[in-house]
Amino acid sequence: MRTLTAAAARHAALTAQGFGTVRDRGGASPTRRSVLGVVRNTKLLQLDSVAAVVRAHYAPIFGRIGGYDRALLEAAVWENSARRPRRMVEYWAHEAALIPVEDWPLFRWRMDRYRNGRWGGAQRVLAENPDLPDRVMTAIQERGAGTAAEVEQHLELKRPRRKDHWGWNHSDTKVVCEMLFATGELSVDKRVGFQRHYDLAERVLPRALVDVRIEEQDAVRELVLRAADALGVATEADIRDYYRLHRRQCEPALAELIDAGQIEQITVAGWDRPAYLRAGARIPRRVRGAALLCPFDPLIFFRPRTERLFDFHYRIEIYTPEHKRVHGYYVFPFLLDGELVARVDLRAERATGRLQVLGAFAEPDRPAGRIAAELSAALEEMAEWLDLDTVLVGDRGDLAGALRGAVAARQRPARASAVTVAERV
């Protein structure tokens, strides 16, 4: 059995996720092709409602190819015409996520399991309103895509709102729309203000694709292969988490793929469990470049894997009371030359045009000077991408002072140039 060093495993993982290409920050703008190229590597983009900096599905693309026009991704997801058919669609993959359209039938087995909704609340609604799903489907058939509130208005319903286990206030109509989305009868035509606009699945996706039926065993095997491809090298738990599979699904699929020569079982030095390498995975000797990773980036969204790969303990603290947070509300790890070397608590203050660095923290025994220089460039690029004017660094964290100096040094030439132009005028 082949053994990889921890560094080789890390390089394989990074390369599989599309990192390692040194980008020219002043080069040509990324194209639709390069945006979709990121998705070919990651296989999915997780969705999340937090907008402290930018919605989660936009950030992984920025981390890999730099500042790009977000309209390119929006068109790939929401535009659907004969000239430009939809390239991605939303479903429950790794939580709510955008996936390639052609992967949608791979989740039919999951849709079948969600016949009564993803949570128990749907069963209560159905018991009280057994005809509501048919009425919702008819309303959407008649009026076209719409939010749950618009469907409710069309049906002239005023139903009591229920709190689910997350504390959200959902009307019965919203609960049913979510159930029908989970079962694949409805899909999401678009999001506006992060609200789902539901439509019939056959109007969102090609009818031929909606009619495809794949046996669970075959679908799971393909999802395991996709996860292994996206991860490069991984444990069974890593692979299983990527599409939120169960161990009893993942282990037999892995065995079949090993027998077929599509995945190789290996050992990784320092790992306490078997690892699996996608056949043909690239393992470069080094990985260069810098990237800011949002909390829901596919490289790091499975925290045990992040710690195993990078020796980087990372937890999202959104739901932690402020006085108990260690690093901050919305913290981006900073990837530099194949290592996670620092983290920054960020907030985009759009009203004032500032990208605020509320806290900056270096990992132990890392060169603060170089990290600050590279991180300041990455933050400046992010600010420009988000149409923000300045980067403002606060006082919190052991890297804050060095980073503030590096940001000031980058901004100084711009100010000097502005003064020179003013004097000439």
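Predicted model: local features only at pLDDT ≥ 70, side-chain atom pairs only at ≥ 80, totals over all residues.
**Exercise 1. Determine which residues of helix α8 are buried, and where they lie around its axis.**

Step 1. Helix α8 spans residues 148-155, and its buried residues are Ala148, Val151, Glu152 and Leu155.

Step 2. These residues cover an arc of only 100° around the axis, which puts them on the same side of α8.

Step 3. Among the elements that cover the buried residues of α8 are α7 (132-143), α9 (172-182) and β8 (195-200).

Step 4. After the helix comes glutamate 156, which has a positive phi, near 55°.

**Exercise 2. Describe how α7 and α9 are oriented to each other, and which residues make their contact.**

Step 1. Two packed helices are described by the angle between their axes and the distance between the axes.

Step 2. For α7 and α9 the axes come within 10 Å and cross at roughly 80°. Angles of 65 to 115 degrees count as roughly perpendicular, and α7 and α9 are therefore roughly perpendicular to each other.

Step 3. On the α7 side the contact is made by Leu132, Pro133, Val136 and Met137, while α9 contributes Asp172, Thr173, Val176, Cys177, Met179 and Leu180.

Step 4. Sorted by class, the contact of α7 with α9 has eight nonpolar residues, one polar and one charged.

**Exercise 3. Carry out the corresponding analysis for α12 and α14.**

Step 1. The axes of α12 (residues 216-231) and α14 (residues 247-259) come within 9 Å and cross at roughly 75°; these two helices are therefore roughly perpendicular to each other.

Step 2. Helix α12 makes the contact through Glu216, Gln217, Val220, Arg221, Val224 and Leu225, and α14 through Gln249, Cys250, Ala253, Leu254, Glu256 and Leu257.

Step 3. By class, the contact of α12 with α14 has seven nonpolar, two polar and three charged residues.

**Exercise 4. Decide whether aspartate 189 is buried or exposed, and place its strand in the structure.**

Step 1. Aspartate 189 is found in β7 (residues 186-192).

Step 2. Its relative accessibility is 19%, so aspartate 189 counts as buried, although this value has to be read against a cut-off of under 20%.

Step 3. Not counting residues up to four places away in sequence, aspartate 189 touches Trp78, Arg86, Ala145, His197, Asp199 and Val204.

Step 4. Five of the seven residues of β7 are buried, so this strand is largely enclosed by the rest of the structure.

Step 5. Six bridges join β7 to β8, the two strands running antiparallel, and valine 188 has tyrosine 198 of β8 as its bridge partner. Together β7 and β8 form a hairpin with two residues between them, and glycine 193 in the turn has a positive phi of about 60°.

**Exercise 5. Find the edge strands of the four-stranded open sheet.**

Step 1. The order is β1-β10-β11-β9, with mixed pairing.

Step 2. At the edges stand β1 (3-4) and β9 (233-234), each with a single partner strand, so one side of each is left without a neighbour in the sheet.

Step 3. β1 pairs with β10 (residues 263-268) in the parallel sense over two bridges, and leucine 4 has valine 268 of β10 as its bridge partner.

How values were computed:
Residues numbered from 1 in each chain as written. Heavy atoms only, no water. Buried < 20%, exposed > 50% of the residue type's maximum accessible area, 1.4 Å probe, protein only. Arc of directions from axis to C-beta. Contact = heavy atoms within 4.5 Å. Axes fitted to C-alpha atoms, helices over the stretch in contact; angles between N-to-C directions. Parallel < 35°, antiparallel > 145°, perpendicular 65-115°, else oblique. Nonpolar A, V, L, I, M, F, W, Y, C, P; charged D, E, K, R; others polar. Pairing = 2+ DSSP bridges.
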